[in-house]
Amino acid sequence: MTSRRAFLGLLGGAGLAVAGCGGLTGETAGEALASALPLPRPFTVPLPVPALARPTRPGHYEVVQRAARMEVIPGTTTEVWGFDGTFPGPTFDLRRGGRTTVRVRNELPVPTSTHLHGGVTPPDSDGYPTDLVVPAGQGFGPPPGGHSRHGTDADLSSWTFHSGARDYLYPLDQRAATLWYHDHRMDFTAPQVWRGLAGFLIVRDDEDDALPLPKGERDIPVMICDRSFEEDGSFRYPSLDPSLRVTPGVEDAYMEGVEGDVILVNGAPWPFLEVSATRHRLRLLNASNARRYRLELSPGGRFTQVGSDAGLLTAPVTHSAVVIAPAERFDLVVDFSDYPVGSEVTLLNTLGSGPTRNVMRFLVTRRAVDGSAIPKRLSRPEPADRSSAVTTRTFDFRATRRGPGALWTINGRPFRPGRPLARPRLGTAEIWRFTSDFHHPVHVHLAHFQVLSRNGRPPAATDAGWKDTVDVRPYEVVEVLVRFEGHRGRYMAHCHNLEHEDMAMMADFEVV
Ligand SMILES: [Cu+2]
């Protein structure tokens, strides 16, 4: 680890010179943080399914961000910071084109900003990091130790403050897809998501509903994330300032990202789910801060991918393994009739070792009638045409250092609110080239994209479809075709390794 970090320290100008170096091209994207309590036995807790959010009146919802105690590790309790005091938060099950208002009330001791990840959302409802809901009665202003620690100005003109609560408007004029919402507060996203501020928002439409894919209890949102725990059951996280009030950032040893040793699925450690020997649709989300997973079924089996981040694929794609980076979603169908009744089918993470090699287990308990099918054609094709791009831009994701502490930059610049690195025109498409020195899951707000190439070669099978997050690996060049549709205004692109994001690896772009 030390040598890897020493390399990163040298990277400032060295760039591609060290490509191919063993440690840097490894599969881990963070630093392991061990729990202080004995880890629970895997596959002993049933898989929870988050409750559905209920409207206060048609088209209007209200959620309260608050602290609550949950039994995450059996026999202990954990204080979570959750939407409605739950982790994951409630699942919003909404229809395309239904203009939905979500009032977020903040009863936590810290400011928050809520981003709908994958949403085609007006800019003032997008959850910009300095567009904050401040707890009622608390003063407005950036934290005194704030981003200036990274040498960037806290330009107050770009900060907005709402006292106690605010409304977010989600027009959802977009295809059916598995979206998620999570905190996006400037400098403090990583610890606030770690404490539980995340949940699903599922967009449905007629095209998806008309398909004979598994439905109802056989259509399951699956949020995978890693966490570590103190001896008393509380979350363990290496914040410099555990109050999350003043000083951002993590201990230097964790600048690459924090990886826990407990894998939670929908908030439960290594859970099990009893299933009938039928097809199930699993809407996988990697909600981890930094950890990547390579998911495989044991004893063997395959995933049929029907959707990606931004909705249905044109046609299904079969995988024996799926690598999922932070914030990516894979909409997968598993046919449990491939296994005899009585089988235990384990979802493994073959990038992990020891406890992080297990994710969850399916117990195939009975036969049942299965009216589902996977059609050869899922949705009408919307090909990404390279020649439709009006320009090409490069975004280089790279570590630099300035004095103590780390800084992750885009095109050599740390994030400064209100300074756009690009001004794409509404209704156009561009080629964006992402280059990197490390594992950087790159996320673009508002605009969806298709992967065109990796290192000049065709994209991976798992890159299929319209996406909002792409797994960029060390020394890769990933080209995507991005379409700017829906809204003008200020948005952002950033690394979704949340520790990198908090250490300035974000950039504004403005749709004009
Ligand atoms: Cu990154």
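This is a predicted model: local features need pLDDT of at least 70, side-chain atom pairs count only at pLDDT 80 or more; totals for chains, interfaces and linings use all residues.
I started with Arg-166: its charged end sits over the ring of Tyr-168, 4.1 Å from the centre. For "over a ring" I used NZ of Lys or CZ of Arg within 6 Å of the ring centre and within 35 degrees of the ring normal. Arg-195 does likewise with Trp-81, its charged end 4.5 Å from the ring centre.

Residues are numbered from 1 along each chain as its sequence is written, and side-chain values use heavy atoms, with hydrogens and water left out.

Next, the cores. I took a nonpolar core as buried Ala, Val, Leu, Ile, Met, Phe, Trp, Tyr and Cys residues joined through side-chain atoms within 4.5 Å; buried is under 20% relative accessible area, exposed over 50%, partly exposed in between (1.4 Å probe, protein chains only). The largest one has 87 residues, and Trp-432 and Phe-434 have the most contacts inside it. Strand β12 (residues 219–229) gives the largest share of this core, six residues. I also found another core lying apart from it, with 24 residues, including Ala-53, Leu-108, Leu-172 and Phe-188. Strands here are DSSP runs (E, at least two residues), numbered from the N terminus.

What does Trp-432 touch beyond its neighbours within four places in sequence? I listed its contacts (heavy atoms within 4.5 Å); among them are Arg-393, Phe-395, Val-444, Glu-479, Phe-484 and Phe-509. Trp-432 also belongs to one aromatic cluster with Phe-395, Phe-397, Phe-434, Phe-484, Tyr-491 and Phe-509.

I then counted aromatic pairs and got 19. The rings of Phe, Tyr and Trp (its six-membered ring) pair if their centres lie within 6.5 Å; planes under 30 degrees apart are stacked, over 60 edge-to-face, the rest tilted. Phe-336 and Phe-362 make a tilted pair, 4.9 Å centre to centre with 45° between the planes. Phe-336 is in the loop between β23 (329–335) and β24 (344–349) and Phe-362 in strand β25 (residues 358–366), so this pair ties together parts 26 residues apart in sequence. Phe-336 is buried at 0% relative accessibility, and Phe-362 is buried at 2%.

Last, I looked at an open sheet of four strands, order β4-β11-β10-β6, with mixed pairing. Strands pair if DSSP finds at least two bridges between them. The edges are β4 (92–95) and β6 (114–117), each pairing on one side only. I noted β4 running parallel with β11 (residues 198–204) over four bridges, and Phe-92 standing opposite Leu-201 in β11.
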